[in-house]
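Here are my notes for a first look at this one. Have the model open while you read.

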Amino acid sequence: MPTLGIALVTALLTGVILLTRIRVGFAVVVASCVLVPGSLAVNNPVTHYATFSRVLVVVLALRLLFALRSGEVPRTALRWTPVHSAFVVFLGCVYVAGIVLATPQAATSHAYGPALDLLDQFIFFVVVLACVRAIGDLRWVLGVVSVVLLTSAGIGVIEHITSSAWGHWLFRHARVPTDAANQLERRNNNVRVRGGAEYALQYGWVTAMLLPALLAWLAGWRVRLSRWLPLTLLAVGLVLLAEYWAYSRTALAFLGVLVILAAAGMRERRLLIFTVAGFAVGLTLFVSIGALQNGFVGLPSGYVDVRTGRLPVILQLAASHPLHGIGLGGLSSLGLRSTDTTYLQLYGDTGLLGLVSGVVLLLTALACCLRGLRSTVRSDRAAGAAALAAAVALLIGGLAYDALRSLSSARPFWVLVAIGVAASEHARGPLPRLVVRDRRVLVRSLVVAELVGWVVAGFAPVHYARQYQFTTVSVLREAHPVDPVTEGTTLVHTVCGMVNDLPPEGPSASYDCRDLQVAAGVGELRVQSATPTKVASAVDLIQTQAATAELAAFQLIPENSLQRGRDTAAAWAPLWLPMATGLVLLLVPVGGRSRYLTSAKRSEVATI
């Protein structure tokens, strides 16, 4: 799409948001966050951070402020909740760990984008929650999300038919180095659709996250089964087609769990039967028809190997700074643009501070949606169940892709959390800023957590480790006219395969062997065992095996002295365990006296 066209569409939608009702602006922003990649920028001479969806969010925030000042929207629309508090704690921990305590390895320029994206999410949640409260009708809000999801699924189906990417067309003249600007990727010659997401895996998980909202909306249709069933099959079938053609294995694997969880939370018998039967039929067809498994089963191990290969690299980089990590954007500045897991990204960039506060934020969001399941109003209960399923989806999906840091997946999630918070407030009254706990319970819990942390740290086994760089190609061979890189790569893989296949009767040790890809035939090996003697024995065995395999140029070069320590999680348990306990007790509204107002007092609060 021409850059001028993007600017004109942005200007047009800005006018729509400013000149129409709040609910129209809300629908425009939700659609822009799901249907347009979050990295699509509006061309301007000032900054590249002015993305299409971000501009619309800012405009909606201004429209909301005008509505608050004129009295169109009550000030209670901005009422604070535990999610707000957990978000502030999370941002504080991330900014302190990732910026103030950042290591010299982290380039400052790489921190600006992630820092702004996280602040963007907080502002987005505040604005969207205020809009949902102002609208009040959660069934209408679910309808907006459902229409946007069906549109996204339609884009995915069109991408599959045409083999052309919607994102590639949008970025055609932008020349932005982002995954969303590329053509559609392929898996086993199958085109992987991605709609408005950055990549196919993200599209699969966002679709799975939004599908319970569609089911909640469909559950509210009070029509006869003969009319309800065909429309439901058509709508859900369209979404499932797009989900299938994304070829996202993890998202498809958990899709059935999410929809059954949502249907059970809604307590709609008709919908529960539909989802359980649909899951059973779909699973039977997938297992029995081999053609349906193409793109999901029997894939090369390279897809998984790339992800597992990053794990020891990132853990090693953060091992010297487990409390605060490398720094916000530090992994990216070191060449690791993606970790394929939210939790590893948080730990690598911001250490235990960011990881613990981030997990508590997600748990708080889930718990705040949980209260909506107790509502006696069918639409509110359905909204709460859809939001709960979305929270579970992000918690699980965070293990498979960078879910929280990418705006294209985080913003749809916060829309559903806002819906869930509103449903909980309709059912139980306003949520508290902090969960009120008995001080004695709070103190005892912190003391017990601290003691348990020290016990874990004290009884954790001590290990010894040493890291080596190894070479497999001689200097003379590297200067040979024949390409030494291919030969070196083969030899490094030979060494790593040999290490992984060491005989079990050898010394008990764990190994991490990988190709550094910095020079021909150069790799890295880490040897860890329970005693220094076993480490030395393991190294001797490796050298013996290399000699047996006739790797004449193989040489181990120590990179450090023998290191003694414990696993990071155990060694730092006295810090992160009481921290997590305190945050959960104060922010997660499950159990305790959460100070929910009774229905008799809600009218008093509304007048404040």
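1. Start with helix 10, where the buried residues are Ala251, Leu255, Gly256, Leu258, Val259, Ala262, Ala263, Gly265 and Met266. Buried here means under 20% relative accessible area, exposed over 50%, and partly exposed in between (1.4 Å probe, protein chains only). Helices (H or I, at least four residues) and strands (E, at least two) are DSSP runs, numbered from the N terminus.

2. Bear in mind that this is a predicted model: local features need pLDDT of at least 70, side-chain atom pairs count only at pLDDT 80 or more, and totals for chains, interfaces and linings use all residues. Residues are numbered from 1 along each chain as its sequence is written, and side-chain values use heavy atoms, leaving out hydrogens and water.

3. What covers those buried residues of helix 10? Among the elements are helix 8 (200–219), helix 9 (225–245), helix 11 (269–288) and helix 15 (378–397).

4. Helix 10 also has a bend of about 35° at Leu255, taken as the angle between axes fitted to the seven residues ending there and the seven starting there.

5. Now the cysteines: Cys496 and Cys513 form a disulfide, S to S 2.1 Å (a pair of cysteine sulfur atoms within 2.5 Å). Cys496 sits in helix 19 (residues 484–500) and Cys513 in strand 4 (residues 509–515), so the pair ties together parts 17 residues apart in sequence. Both Cys496 and Cys513 are buried.

How values were computed
Contact = heavy atoms within 4.5 Å.
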